[in-house]
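Trainee: I am new to this model. Please take me through the terms used for it.

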Amino acid sequence: MQDERGLIEEAHSLGGDYFLLKIAAPRIAATAKPGNFVMVRVSPSRDPLLRRPLGLLESRPPYIWLYYQVLGHGTKLLSGLRPGDGLDILGPLGNTFPELPGKRVLLVAGGRGIVPLFHYARAYGEHRPLLLLYGGRRRADLPLLERIKTLCLQGLFIFSEDGSLGQMGLLTDGLEKIVREERVDATMSCGPEAMLARVALLLKSRGLENRASLEALMGCGFGACHSCVVLAADGSYRKVCDEGPVFPLEEIQWRT
Ligand SMILES: Cc1cc2nc3c(=O)[nH]c(=O)nc-3n(C[C@H](O)[C@H](O)[C@H](O)COP(=O)(O)OP(=O)(O)OC[C@H]3O[C@@H](n4cnc5c(N)ncnc54)[C@H](O)[C@@H]3O)c2cc1C
Ligand code: FES
């Protein structure tokens with residue numbers, strides 16, 4: 001974990017609430033692995049006081065790419081940054097998705113949950129069979145599609161709730177069929193909690209190796225404040241920042 005002063009090389013609006021930053025951050029870029037995240041100081045002032053956690057869409061030294069959705073004050077400030085601006089970034093933090101050599105892996109990405117799975121596909125897609133199931137509310141929530149087409153994937157399945165892109169419906173509507181027909185050995189998911197809970201239910205007892213990357217409100221990002229705890233299936237608690245954010249899907253107590 002290092003605190004690095006990144007330099008913004010490119011800042012793009014992708015339409016709607018979505019933004020992409022290319023940042024020169026050589027030390028973080030050299031060590032980050034798929035699943036890791038960073039804590040970003042979105043403003044040099046004390047407002048907001050806390051850094052914001054963001055995943056890494058890609059890391060190719062000396063650059064990292066952040067893809068984010070504007071939700072509130074912090075991400076709004078981030079969207080005002082321009083090329084040439086500096087950004088304090090702490091990371092890489094957290095654990096990573098396992099490589100699983102030889103396994104046929106399905107990546108399940110809901111909305112901005114594409115971030116760590118894109119990183120995974122970029123890092124490992126040339127060496128093993130990867131498939132991607134990607135869904136969002138509508139076309140505007142899936143602005144990374146052109147970039148996704150540059151990934152090395154054996155299958156790409158798109159869902160939108162309003163049918164404006166790909167098949168109409170929730171991505172979980174297609175999950176069981178894809179797992180069966182594509183002879184999937186393992187899944188890696190990231191997305192809204194309700195989506196992950198549904199994925200967990202649908203994949204229960206199928207004998208697959210399943211991982212999920214979780215989001216939580218985070219104060220510190222490295223295990224000191226306990227603001228990010230989630231309930232595990234056995235009734236104990238897990239800190240998303242340093243025991244995760246990637247967990248075996250079955251380890252979490254999902255609220256359905
Ligand atoms: C490990 C990790 C990786 C993440 N990666 C990304 C990423 O790559 N791209 C991205 O766009 N976002 C990502 N997030 C979510 C991102 O951290 C939040 O959207 C951001 O912190 C919101 O900050 P804000 O100041 O804009 O909103 P705030 O003003 O802090 O909050 C606005 C509203 O959003 C809610 N909110 C804030 N954080 C979250 C959250 N984590 N989950 C659900 N609701 C939340 C708040 O309760 C509030 O209602 C990640 C979160 C974690 C924990
Ligand atoms: S964010 Fe502080 S312990 Fe996890």
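Mentor: The protein chain is divided into domain 1 (2-93) and domain 2 (105-214). Those bounds come from an automatic or database domain assignment. This is a predicted model, in which local features need pLDDT of at least 70, side-chain atom pairs count only at pLDDT 80 or more, and totals for chains, interfaces and linings use all residues. Residues are numbered from 1 along each chain as its sequence is written, while chains are lettered from A and ligands numbered from 1 in the order in which they are written.

Trainee: How do you know how many residues of domain 1 are in contact with domain 2?

Mentor: Two residues are in contact if their C-beta atoms, placed from the backbone, lie within 7 Å. By that test, 14 residues of domain 1 are in contact with twelve residues of domain 2. β5 (58-60) and β6 (63-69) each give two or more residues to the domain 1 side. β6 gives the most, with three residues. Strands like these are DSSP runs (E, at least two residues), as helices are (H or I, at least four), numbered from the N terminus. The domain centres, taken over C-alpha atoms, are 24 Å apart.

Trainee: What classes do the residues on that side of domain 1 fall into?

Mentor: Seven are nonpolar, six polar and one charged. Ala, Val, Leu, Ile, Met, Phe, Trp, Tyr, Cys and Pro count as nonpolar, Asp, Glu, Lys and Arg as charged, and the others, Gly among them, as polar.

Trainee: Why is L130 called buried?

Mentor: L130 has 23 within 10 Å, so L130 is buried. L130 is in strand β9 (residues 130-136). Among the residues that L130 touches are V105, L107 and L153. L107 is 23 residues away along the chain, yet the two C-alpha atoms are separated by 7.3 Å.

Trainee: What makes up the shell around ligand 1?

Mentor: A residue counts as near a molecule if its C-beta atom, placed from the backbone, lies within 6 Å of it. 20 residues surround ligand 1, and the closest are G55, Y68, G72, G74 and T75. β4 (52-55), β6 and α2 (73-78) each supply at least two shell residues. β4 has the largest share, four residues. The shell has eleven nonpolar, six polar and three charged residues.

Trainee: How do you know that the radius of gyration agrees with a compact globule?

Mentor: The radius is taken over C-alpha atoms, and the globule rule is 2.2 Å times the number of residues to the power 0.38. For 256 residues a compact globule would have a radius near 18 Å; the protein chain has 17 Å, so the value agrees.

Technical notes. A residue is buried if 20 or more other C-beta atoms lie within 10 Å of its own, exposed if 12 or fewer, and partly exposed in between; C-beta atoms are placed from the backbone. Lists of a residue's contacts leave out its neighbours within four places in sequence.
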